[in-house]
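Work each one with the structure open, then read the solution below it.

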Amino acid sequence: MCRRRIFCLPLLFFCTLFTLYAASNVSNIIGDNFEETDGRGLVINTNPRGVRVFIDGIERTQTPARFDRLRPGEYNIRLSKDGYKDRYFRVTISNNNRLTVSIEMEEARGQALVSVHRAAGSPDSLPCIPQVFAGSAEGRESIISRPTGENMVMISLPVGYRTIRVRAFGWEDATTTALITEDRTTSVNIELKPAEFRLEKASQSRSRFNPKNSSNLGINEYRFEATAPGTGTLTITDKNGFVVYESALGPFSSWFQSASWNGRDIYGDVLPEGIYTALIEIAVDQEFYPDTTEPQIIKLETEISYSINIFPLSLYTGFSGLAFTPAPHVLPAGSFQIEGGILFGKFNSREDAFSRLPFEAGLRFSFLDRLEIAAVLNANPHFDGSAEWGFAGSAKYSILGGDNNLPLALAAGAGYAWAEDTEASPGLNRGALLYLPLSLELTKFSFIFSPGMRWPGPEDPVPRLELSAGALYRRAWLNAGLSVNSEFDFSDMQKDILFNDRVMITTGADVRFYPPPSNLVFSFLAGAWFRGSDNGAFGGLGIGVIY
């Protein structure tokens, strides 16, 4: 019973903290509310905060405000804040009750009539569909509106100086500042000039990619911005300058454009590894720009590399791999995987099956070639109200990539895990971990062996040997694996280590689907654990994203 109460204390603390936060969150104040409670005095809360409080004409403080020493009687209250309408009300204070007043302040707003005109000499055939952005004088835009067919729009804005910006595809942006008042409509006239045709902000989603990866993971997307109408062509050439792929682009009707290439030629055949050049050649629409004849060209280099494999792995124990075996595979630079899952079953000998419903959230990403970072957060809420937490993180460096010349993959990694309860989650054990995963890479299979050492911490300084192994099967948009992990505790050499509770064996089977065309990953996990004569089984479901 005492242990249960101890576990309930953190939950009670967080619930109390959440309640206090919600009570102090001014965004919860909607409308006006006057409430009497036990105590004495006056409390004034407003949405937003920082409203000046005047009592009988004398400024006292800013909200949130509390007055515990007001004498009983009636008081005239005025609330004032720049950009908001003043609020007036009368309150009565007594000795027996505390009055809590919650007020939602109303913005002082005015009207602006925005008229958009073409500059003199502009081509009448160039479409003009403006967008109006309005905000503060500091440049923080808060309203987007589209004018009517006459290119006029009435917008409501907070009083004060406001910036108004107009954008239209094919036209230069125009910005002005207007003073908005409550008592009259402000007229704003904005003139647009045709934009100079240019290409901007060219980029590609992957400078290196593998066309054999599944769906979007095997596609490179080229992005750019065009300032005016036009058409173009995406041309891919090999290192000798021969055209291997070509695709038409446009016509453009907006700024943001993109084109994709799946690493195949015009016949749909996968191209060999190497460096390819992507040429985006854009020609302006002569109807609108008769004097502009020179096309604009963007050149980007893209590498096809079949050693780059992007596929999801388990993150359950804080390192990427199979459910209970680290794998040597790493994500290429710029890629990431995020997943979350829920588990059910029996996780230790102290508890009954289905006494809690753990869940986990994991992340793996790579910002440098060959180096991958992974982390996971585990939460273990019990149905009796108690809970445990755990987290783990790791870094893994790929030594061998498992290419066609040498079908071996090797990595070295280090990680750290902390768990409030060392038996709360199979595979998430407290301490520092070093591991050296090695795999034999065949066409569709990876056979993995991963030795490691774990140091539980100062209270248990004797390192523990971890041996894990598994097999991973990969197809275009599916992978599945079987794994087993065994940990040997050498802290008591007097016992037969192979036949006592100092050996923990965990096995698991996990399956991941990432069907095209999305980047979603659906995962399924089933596992079992054995410690001496104790044993249990568990399962799980998850969903995530890989890019």
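This is a predicted model: local features need pLDDT of at least 70, side-chain atom pairs count only at pLDDT 80 or more; totals for chains, interfaces and linings use all residues.

**Exercise 1.** Which kind of contact do the side chains of Arg364 and Glu372 form, and what is the N to O distance?

Solution. Start with the cut-off: a salt bridge needs a Lys or Arg side-chain nitrogen within 4 Å of a carboxyl oxygen of Asp or Glu. The N to O distance between Arg364 and Glu372 is 2.9 Å, and the two side chains meet in a salt bridge.

**Exercise 2.** Find the salt-bridge partner of Asp369 and state how far apart the two lie in sequence.

Solution. The partner is Arg208, with the closest N and O atoms 3.7 Å apart. As for accessibility, Asp369 is partly exposed at 46% relative accessible area, and Arg208 is partly exposed at 28%.

**Exercise 3.** Classify the aromatic pair of Phe513 and Phe524.

Solution. Two values are needed, because a ring pair is described by the distance of the centres and the angle of the planes. For Phe513 and Phe524 these are 5.9 Å and 80 degrees. An angle over 60 degrees counts as edge-to-face, and the pair is edge-to-face. Phe513 lies in strand β34 and Phe524 in strand β35, so the pair joins parts 11 residues apart in sequence.

**Exercise 4.** Over which ring does the charged end of Arg474 sit?

Solution. The charged end of Arg474 is over the ring of Phe311, 4.6 Å from its centre.

Conventions:
Residues are numbered from 1 along each chain as its sequence is written. Side-chain values use heavy atoms; hydrogens and water are left out. Rings of Phe, Tyr and Trp (its six-membered ring) pair if their centres lie within 6.5 Å; planes under 30 degrees apart count as stacked, over 60 as edge-to-face and the rest as tilted. Helices (H or I, at least four residues) and strands (E, at least two) are DSSP runs, numbered from the N terminus. A charge sits over a ring if NZ of Lys or CZ of Arg is within 6 Å of the ring centre and within 35 degrees of the ring normal. Buried means under 20% relative accessible area, exposed over 50%, partly exposed in between (1.4 Å probe, protein chains only).
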